[in-house]
Amino acid sequence: MLKDATAIVGIGQTAFAKQLPETEKTLACRAILAALDDAGIAPSEVDGFASYTMEETDEVEVAKAIGAGDVTFFSKVGYGGGGSCATVGHLAAAIATGQASVGVAWRSRKRGSGPRPWKNTAVQLPTPGQWTRPFGLLRPADEIGMLARRYMHEYGATRDHLFNVALACRNRANQNPAAIMYERPLTREMYMTSRWISDPLCLFDNCLETDGALACVIVGAERARDCRQKPVYVHSAAQGLPSQHHGMVNYWNDDPLSGPAWTAARHLWKQADFGPQDVDVAQIYDAFTPLVPLSLEGYGFCGRGEGGAFTEGGALEIGGRLPLNTGGGGLSEAYVHGFNLINEGVKQLRGTSTAQVPDAATCLVTAGEGVPTSAVLLRS
C-alpha cells in the first residue's frame, strides 16, 4: 500500500550556524514555509504534521503561525535522531490511507547555542541512564565510544577506517556552500592529532553542534506529478527496535553490535523492489563515525565485521562503491537530528545536489543507529 504511493515534493531549510538569533519556532516556520514554496503548495492546504518528541515547537503553534487549515493527522516520533526517517514514514502512511493530503515533517533545533541535554542533573535518570551515567558514560559520545571499541576489538577496524568516514563527509561539505564546514578541508594528520572526546573517538569522529531547521512536504503520488518540483517517491519505509535492546551501549545483549539497523533493514528491503546492490547513493546517519560501518553492515551493503574495510579505497566518495552523505552529513554540514540527510536525498534524486552522483535514481536514508531507528528508500 505504501510503495511509491506518496512523494516528497518540497524541501526547505534555514541557514546553519553555531548560533542563530531566531527562536526554534521561528526557524521551524521558515523552513516549513520554504518547503511549501518549493512545492508550490499554499500553507492553508497543510492538514498533516510529523516531527520528533524532542521537538520544542508543537503542531498547534506551527499550524497557527504558518496559516494551516484543519489538521487531521499529527504524530511525533521518539529517540532523537532515530526518529528522522519515521516522520516521513508516518506521513506517507497517513496520506496513503486518506488521513491527510498534504503533510509536513520538520525538525528545528538550537543545539549549537542551547544547553546540552545531559547537563540537567536535577531530573530522575531514565532506566537505561541509571546503568550508564553513574559509571562515567555521561554523553552519547561515551556510549558510542564503548560500542566502537568493542567493534574494533571484535573485527579489527581501525581509526583509519573512521577517518575514511569523516573525510568523505568533509569532502562533500567542502562542495556545499550551506555546510558549516564549507571550504574547511580535513587531512589525515589533522584527524590523527586532534583532541580526544571519548576514546577511541576524537574531535572529528563527532557531529557538529548546530542551530537550524529543515522541513519537507509529502503528498500523494497523483498530486505529486502536478507540483512545482520533480517528485521523489517514498518507495519503502521502516522502523526498528530489536528484542531486548538497551540503547547505544547495548552491552548486555548477546550481540551488542547487532543494533536497530538490522531490524529496520529486514522490513525495509522486504517491502522494496530493489536491494542494497541497487542503491545509487546513501545518506547514512553520522552523529559519530562508527555508526556508518555499523549501518553499512545492518543495511546489507557488506557482511558482519566488514564495515570498516568497506570504507577503503575511496568507497564512500563520489565515484566509489557507495557515495554517501553528499551534503556533508551531521559531521560536516549540520547536525539537526538527521533531517538534512532526508533533504539531501531529495536533492540527489532531483539532480540538484552540490555533489551530484551521476544519474542517481535510488537513495537510502537512515536514522540514528544505536537507538530505536528508522529508514526510508527514495526513488525518482
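The model is predicted, so local features need pLDDT of at least 70, side-chain atom pairs count only at pLDDT 80 or more, and totals for chains, interfaces and linings use all residues. Residues are numbered from 1 along each chain as its sequence is written, and side-chain values use heavy atoms, leaving out hydrogens and water.

Let's start with the sheet. Nine strands make up an open, mixed sheet, in the order S3-S2-S4-S7-S1-S8-S11-S10-S9. Strands here are DSSP runs of E with at least two residues, helices are runs of H or I with at least four, and both are numbered from the N terminus. Two strands pair if DSSP finds at least two bridges between them. Strand S3 (73–77) and strand S9 (281–283) sit at the edges with a single partner strand each, so one side of each has no neighbour in the sheet.

S9 runs parallel to strand S10 (residues 362–366), and three bridges join them. Gln283 stands opposite Val365 in S10.

Next come the helices. Helix H5 (residues 140–155) and helix H10 (residues 291–298) have axes that come within 10 Å and cross at roughly 60°. Axes are lines fitted to C-alpha atoms, for helices over the stretch in contact, and angles run from 0 to 180 degrees between N-to-C directions. Where do H5 and H10 meet? Ile144, Leu147 and Tyr151 in H5 meet Leu291, Pro293, Leu294 and Glu297 in H10, with contact meaning heavy atoms within 4.5 Å.
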